[in-house]
Amino acid sequence: MDKLIIEGGQRLVGAVSISGAKNAALPILAATLLSDDKSIIRNVPALRDMSTMLKIIRNLGVKVEQDGDEVIVEPKGYKKWKAPYDLVSTMRASICVLGPLLAKQRFAEVSFPGGCIIGPRPIDLHMKGIKALGVKVKVEKGYIIADAKGLRGGNVYLGGHFGTSVLATANTMMAATLANGVTVIENAACEPEVVDLAEFLLKMGAKIKGHSTHRIIIEGVKRLHGAEHYVIADRIEAGTYMLAAAITKGDLRLKGARLEHVVALVDKLTESGLDISESTGGFRARFIKKLRPVTITTLPYPGFPTDMQAQFMSLMAVTEGISVITEKIYPERFIHISELARMGADIILEGPNAIVKGVKYLSGAPVMASDLRASAALVLAGLVARNRTEINRVYHLDRGYEKLEDKLTKLGARVWREKEK
Ligand code: EPZ
């Protein structure tokens, strides 16, 4: 297993290209299964999660070719409908093959994805979405077994304890594209990744209205054709580099990133004192004055993203004063607190609220990556910490940050990978 070593204290300066969005590319690759024709997806990031999705697609008997960031999927004549445990258990997002398989094969067997380190991850909203389309569902031997012989349009409200659901919206929307009749998804997720998926489905010939709002209307069609698509830039990767600029008192230009996708983060970072402006083909994040603590609450889009909560906490951990970070999407997503504490952070957890008291400095230490975004938080902490930070179990980062060390090194960081002994 690899570990990441960071010698902190370098100011990051320069331009970085933001990769394609993992969370858009995953459902879009799954959506290629809706057609018999070839689809070409570009700007697919080279990440472990992407390899898992391609394995699931290949395992269905579909031909997949990959050339750099381009993936060509040729589903012609595939007959299978099963996503097995050994693949699904390594990546929860595998559940997004459920909708396409139901629409195309009218049957699906997808391993139950289970929970994960960021807390329980129920799938009741996925079930609710597809049941509203006439699908019969049962869970047996750890598998969701769904029969869509009676697939037809329907109305569904996708709301749970923690608001709407990104992938349940994606699954319901994909299943509805080939259903007989009209589907209305109320309280739909409007994250940019859902919108990008809808744009791809439209190119395939789907009839969709209202994506990017909380009410998506889908009129089922008889067949979808292949399409070409360029995946949007990853707003979470962009956000992480904005925080790298802030925490290292740096000046970064984020190429390819879209400011309108990170409005909540921009709002909070501006309030804190970071200078953010549009620049050619992206935007610039520049440290110009001492930052102030700010309070955040994670919410569905366009609210502050849960996927930026851990990284934001690292910044607040070294920002003089007190900030409160409230997690409203995954109330248990706080594993990073104990690792940040190993580096000298002063954070108290009270229910879903983390009270962060900024310290003068963090001190490098051996720490353990627990999940993707928690790992990114430790990288940010390592960039600003005194001395050396060793991040173990770095494979979590490989799930979501393309060429992380290369990109950081080019910006002036001292970071490298070593084999864990
Ligand atoms: C997506 O997961 C992302 N993953 C997550 O990114 C992200 O944290 C999350 O959306 C929230 O923005 C992908 O897109 C691949 P949800 P998803 O269903 O769709 C509850 C990352 O680090 N819920 O929108 O699975 C759920 O427990 C990751 O890249 C139900 O109650 O998340 C949570 O509280 C991790 N019932 C809330 O809804 C359900 O059936 C939002 O989750 C489904 C979800």
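Modeller: What follows starts at the ligand and then turns to the cysteines and the backbone. Keep in mind that this is a predicted model.

First, the shell. The ligand is surrounded by 23 residues. The closest are Asp-124, Leu-125, Ser-165, Asp-307 and Ile-329. By class, the shell divides into 11 nonpolar, five polar and seven charged residues.

Where do these residues come from? Four helices each supply at least two residues of the shell: helix 1 (22-31), helix 5 (124-131), helix 6 (166-177) and helix 12 (372-384). Helix 5 gives the largest share, with three residues. Domain 1 (2-19 + 233-419) and domain 2 (22-230) each contribute at least three residues to the shell around the ligand.

Now the cysteines. A search of the whole structure finds zero disulfides. Cys-190 is in no disulfide, and the nearest cysteine sulfur, that of Cys-96, is 18 Å away. A pair counts as a disulfide only with the sulfur atoms within 2.5 Å. Cys-96 is buried, because its relative accessible area is 0%, and buried means under 20%. Cys-190 counts as buried too, because its relative accessibility is 8%.

Last, the backbone. The peptide bond from Tyr-301 to Pro-302 is cis, with omega near 10°. Pro-302 sits in the loop between strand 18 (296-297) and helix 10 (309-317).

Two residues other than glycine have a positive phi. For Arg-106 the value is near 65°. Arg-106 lies in the loop between helix 4 (98-105) and strand 7 (107-111). At 26% relative accessibility, Arg-106 counts as partly exposed. For Lys-249, phi is near 55°. Lys-249 is placed in the loop between helix 8 (235-247) and strand 15 (251-255).

Notes
Residues numbered from 1 in each chain as written. Predicted model: local features only at pLDDT ≥ 70, side-chain atom pairs only at ≥ 80, totals over all residues. Heavy atoms only, no water. Near = heavy atom within 4 Å. Nonpolar A, V, L, I, M, F, W, Y, C, P; charged D, E, K, R; others polar. Domains from an automatic or database assignment. Buried < 20%, exposed > 50% of the residue type's maximum accessible area, 1.4 Å probe, protein only.
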